[in-house]
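Dear colleague,

I am passing on the structure we spoke about, and below it you will find notes on what turned up when its geometry was worked through. Please read them with the structure open beside you.

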Amino acid sequence: MATNEGTMLALRKTAPHPGVELVRTPLPPGPGRSEVIIEVAAAGICGSDLHIDEWTPSYAFLTPCLPVTLGHEFAGRISAVGQGVEGWRIGDAVTVKPSAPCGTCAACLDSRPDDCTNRRAVGLHQDGAFAPYVTCPTSQLLALPPGIDPTLGALAEPLSISAAAIRNGEVRRGQRVVVFGPGTIGQGCALLARRAGAEVTVIGLNDAARFATLRSMGFDRLIDLADDPAALKSTNPYDVAIEAAGAPAAVNLAISALRLRGTMVAVGIHAKDVPMDLTQLTRRQLRLVGSARGTHDIWLETIAALGETPDLFAKMVTHRLPLTQALEGFAAGHRREASKVLLLPGASA
Ligand SMILES: [Zn+2]
Ligand SMILES: [Zn+2]
């Protein structure tokens, strides 16, 4: 919340080494042309925020952007609109596609913004939502379904990643799908694969807490490899395997779990290069597809799904903490005892 001195609390990555810091920063200036300021209702702690905290090599690309306020999964209400803003009003409940196209590259000029490779993301390249206020271009706004708890809008970003994995894996009704990794992305994949009519199994490792979340959402095909390392081998082959663990061992397990001509979707982020049994991929004619950010139509689909069964998706949220307890939220994420941790900037002093 703002203080008299015109500053606000923000969780920032301040330097290119491990750690994040809760510091006071100036309130954002008034919104520029075609921009709005959003009063943040909730911002989720993402696996990438944990990697950025640890400062694993896959995030070294952020060094030129530091210091920066993190928080790219968020929702809230518009609190100020800049000049030239049309169709958005103060008080509107919105979520934000954090990754914005550059507007000037060949893909952007050809009206294919989803193909832009020169993107900048709110909460990574520029100040994000682990703060009471965040500035965003209107091109990135999406309205939340009417009546939905605005804090749940913070789930739209991770769910859009899961939805992209389901789309890229071409998951269909009647298929058998195995998801490696019961974190937020894996949980989203499980929910959306089931919604598409697939039978879903989820694989974890020492994942009692996150399996409890999945059980509460009605999943009972859950295999914890710590309890029984061979349990996966005794199940029938799967049509689609989704690697959402970012754990090197999961890659070859996913490959070996597939039927002939099955599809593996790689959506986990790995801290370094991963050895892979490519001969199995060749001999069994598997398909390997990488999947990351959702396109605009996937976002629209995701928000519609969120609006249909908000109470089901709400079970993904295990922690709601004021911003003052952000570091505790990060610690819970690192310990993998949490499913989604939401920080509520408005709830802090
Ligand atoms: Zn994220
Ligand atoms: Zn571009």
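In sequence, the residues that donate to the zinc ion (ligand 2) follow the spacing C-x2-C-x2-C-x7-C. They are Cys102, Cys105, Cys108 and Cys116, each through its SG atom and lying 2.3 Å from the ion, where donors are N, O and S atoms within 2.8 Å of the metal (3.2 Å for Na, K and Ca), and water is not among the atoms, so sites may look incomplete. The angles among the 4 donor atoms run from 107 to 115°, and the site is tetrahedral, a label given to four donors if all angles lie between 85 and 135 degrees.

Before the rest, a word on how to read this: the model is predicted, with local features needing pLDDT of at least 70 and side-chain atom pairs counting only at pLDDT 80 or more, while totals for chains, interfaces and linings use all residues. Residues are numbered from 1 along each chain as its sequence is written, chains are lettered from A and ligands numbered from 1 in the order in which they are written, and side-chain values use heavy atoms, with hydrogens and water left out.

Turning to the helices (DSSP runs of H or I, at least four residues, numbered from the N terminus, as are strands, E, at least two), helix H3 (residues 156-168) packs against helix H4 (residues 184-195) at an angle of about 55°, with the axes 8 Å apart. Axes here are lines fitted to C-alpha atoms, for helices over the stretch in contact, and angles run from 0 to 180 degrees between N-to-C directions. H3 and H4 are therefore oblique to each other, since angles under 35 degrees count as roughly parallel, over 145 as roughly antiparallel, 65 to 115 as roughly perpendicular and the rest as oblique. The contact (heavy atoms within 4.5 Å) includes Pro158, Leu159 and Ile161 from H3, and Thr184, Ile185 and Gly188 from H4. By class, the contact of H3 with H4 has 10 nonpolar, 3 polar and no charged residues, where Ala, Val, Leu, Ile, Met, Phe, Trp, Tyr, Cys and Pro count as nonpolar, Asp, Glu, Lys and Arg as charged, and the others, Gly among them, as polar.

H3 also meets helix H8 (residues 296-308), the two axes coming within 9 Å and crossing at roughly 115°, which makes H3 roughly perpendicular to H8. Among the residues in that contact are Glu157 and Arg167 of H3, with Asp297 and Trp299 of H8, and the residues divide into 8 nonpolar, 2 polar and 4 charged.

Helix H1 (47-54) and helix H10 (residues 326-334) pack at an angle of about 100°, their axes 10 Å apart, and H1 and H10 are therefore roughly perpendicular to each other. Asp49, Leu50, Asp53 and Glu54 of H1 touch Phe330, Gly333 and His334 of H10, a contact of 2 nonpolar, 2 polar and 3 charged residues.

Two points concern the backbone. The peptide bond from leucine 66 to proline 67 is cis, with omega near 0°, and proline 67 sits in the loop between H1 and strand S4 (68-69). Glutamine 285, in the loop between helix H7 (278-283) and strand S16 (287-290), has phi near 50°, a positive value in a residue other than glycine.

Key:
Tetrahedral: all angles 85-135°; square planar, octahedral: opposite > 155°, others 65-115°.
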